[in-house]
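Have the structure open while you read.

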Amino acid sequence: MSTDPQQIYVTQPYLPPLDEFIPYLEKIWESRQLTNNGPFHQQLEQALGEYLGVEHIALFTNGTIALITALQSLRITGEVITTPYSFVATSHALLWNGIKPVFVDIERDTFNLDPAKIEAAITPQTTAIMPVHCYGRSCDVAAIQAIADHYNLKVIYDAAHAFGVRDAGGSILRHGDLSVLSFHATKVFNTFEGGAIVCPDARTKLRIDHLKNFGFANETSVVAPGINGKMSEVNAAFGLLQLKHVDRALARRRIVDETYREHLRGVKGIRCAQVDRVNHSNHAYFPILVEAGYSMSRDDLFQKLKDNGIHPRRYFYPLITDFPMYRGLPSAHPDRLPVAIDAANRILCLPIFPDLDTAQIGTISRLIAG
Ligand SMILES: *Cc1c(COP(=O)(O)O)cnc(C)c1O
């Protein structure tokens with residue numbers, strides 16, 4: 001991630017004023033507790049649980065280790081059904097556990113795993129489904145849960161994009177067996193690096209807490225081959241400060257989203273991904289689709305914007321199934337993933353972050369319209 005101020009990148013981490021962070025650092029220096037479930041770590045788990053509306057949350061050093069640990073905590077093995085239309089960490093977490101990913105195509109409008117195509121991919125080895133709430137848009141959680149219940153499968157949501165997203169019943173993080181968040185610098189809520197697992201009960205959280213600390217259950221007993229996935233006090237403190245500002249940041253993102261939609265309405269061949277009416281969205285991304293009726297190809301538009309100092313991203317192109325460690329799998333065959341391939345070829349995620357101002361949105365929109 002570059003930070004050249006002349007350039008506009010797809011996102012810019014939201015940083016509260018530095019002087020607000022100093023008192024947190026002073027406390028860490030005073031206490032000398034730098035990590036291992038320190039006071040800021042405990043406070044952040046509590047505060048995030050309240051903010052997100054979930055009861056049990058375990059903080060992690062990053063979202064990828066959280067995904068790997070989530071699979072371990074439920075002892076997932078064999079095959080797991082997942083989406084090719086995601087960041088590569090989703091399926092890497094499976095490979096790190098010796099699990100075979102089985103890719104299933106996505107829905108055209110939500111970019112999420114298509115429940116209608118899941119059953120055909122289930123085999124006797126299937127133990128779980130790992131969908132992604134892509135761009136923070138909720139998966140069809142009811143349909144996925146119905147399949148999981150029928151075939152006795154676990155559901156682990158990669159909710160890295162879904163911080164603060166709610167549906168009619170509350171946080172979307174309450175669905176499935178586990179949900180995994182990322183607090184990476186590029187995400188809506190960040191702790192520089194960080195992540196978390198949301199789980200339904202205290203017993204599961206205890207197992208997760210052991211796994212993220214080498215498997216230690218107490219000073220002298222190690223109950224599992226755990227990893228080091230702990231979040232440090234500096235990261236947790238930054239999260240607490242960030243949380244104070246997150247509502248303002250989300251409100252700004254909403255305005256950016258609305259402003260783009262106004263500017264781009266009527267531009268022939270450009271389709272803004274539909275507003276998700278089921279969700280209270282977090283506006284983490286602003287995906288547009290460059291359709292056949294547009295004056296140039298998606299990649300030419302991508303290049304034109306870059307030439308003008310605007311750096312959108314083609315999330316998610318290439319698809320996970322295009323990478324060498326996946327493309328040999330039968331489920332990675334292009335014939336089986338027409339919707340994901342089409343989306344990957346048309347998608348462009350425009351810059352969106354709290355400090356993107358109206359003039360900049362106008363500039364970006366005019367380059368696209370003109
Ligand atoms: C960011 C992201 C991850 C990985 O999270 P890190 O905190 O960067 O390890 C996993 N899945 C998706 C969909 C992501 O966007």
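Let's start with the rings: there are 19 aromatic pairs in this structure, which is a predicted model. In one of them, F163 and F189 have ring centres 4.7 Å apart and planes at 5°, so the pair is stacked. F163 sits in the loop between β6 (154-158) and β7, while F189 is in the loop between β9 and β10, so to speak a link between distant parts of the chain, 26 residues apart. Both F163 and F189 are buried.

Another stacked pair is Y260 with F286, at 4.7 Å centre to centre and 25° between the planes. Y260 belongs to helix α7 (residues 233-264) and F286 to strand β12 (residues 286-290), so this pair ties together parts that are 26 residues apart in sequence. Y260 and F286 are both buried.

Here are the two pairs side by side:

| Pair | Centre to centre | Angle between planes |
|---|---|---|
| F163 and F189 | 4.7 Å | 5° |
| Y260 and F286 | 4.7 Å | 25° |

Ring pairs also build a cluster out of Y85, F111, Y135, Y285, Y315 and F316. Then there are charges over rings. K212 lies over the face of F60, 5.6 Å from the ring centre, and R298 puts its charged end over the ring of Y317, at 4.9 Å from the centre.

Now for strand β10. How many of the five residues of β10 are buried? Five of the five in this strand (residues 195-199) are, so β10 is largely enclosed by the rest of the structure. Both of its faces are covered, with G195, I197 and C199 buried on one side and A196 and V198 buried on the other. Strand β2 (residues 56-60) runs antiparallel to β10 and is joined to it by five bridges; there, I57 has V198 as its bridge partner. Strand β9 (residues 178-182) also pairs with β10 in the antiparallel sense, over four bridges, and S182 has G195 as its partner.

What about disulfides? The structure holds zero. For C134, the nearest cysteine sulfur is that of C349, 7.7 Å away. For C139, the nearest is that of C134, at 8.6 Å. C134 is buried, with a relative accessible area of 0%, and C139 is buried too, at 4%.

Finally, confidence. The protein chain has a mean pLDDT of 96, with 99% of its residues at 70 or more. Confidence is lowest in strand β7 (residues 166-167), at a mean of 94, and highest in strand β3 (residues 79-82), at 99.

Note on methods:
Residues numbered from 1 in each chain as written. Predicted model: local features only at pLDDT ≥ 70, side-chain atom pairs only at ≥ 80, totals over all residues. Heavy atoms only, no water. Buried < 20%, exposed > 50% of the residue type's maximum accessible area, 1.4 Å probe, protein only. Helix = DSSP H or I, 4+ residues; strand = E, 2+ residues; numbered from the N terminus. Pairing = 2+ DSSP bridges. pLDDT = per-residue confidence, 0-100. Disulfide = S-S within 2.5 Å. Phe/Tyr/Trp six-rings, centres within 6.5 Å; stacked < 30°, edge-to-face > 60°. Lys NZ or Arg CZ within 6 Å of the ring centre and 35° of its normal.
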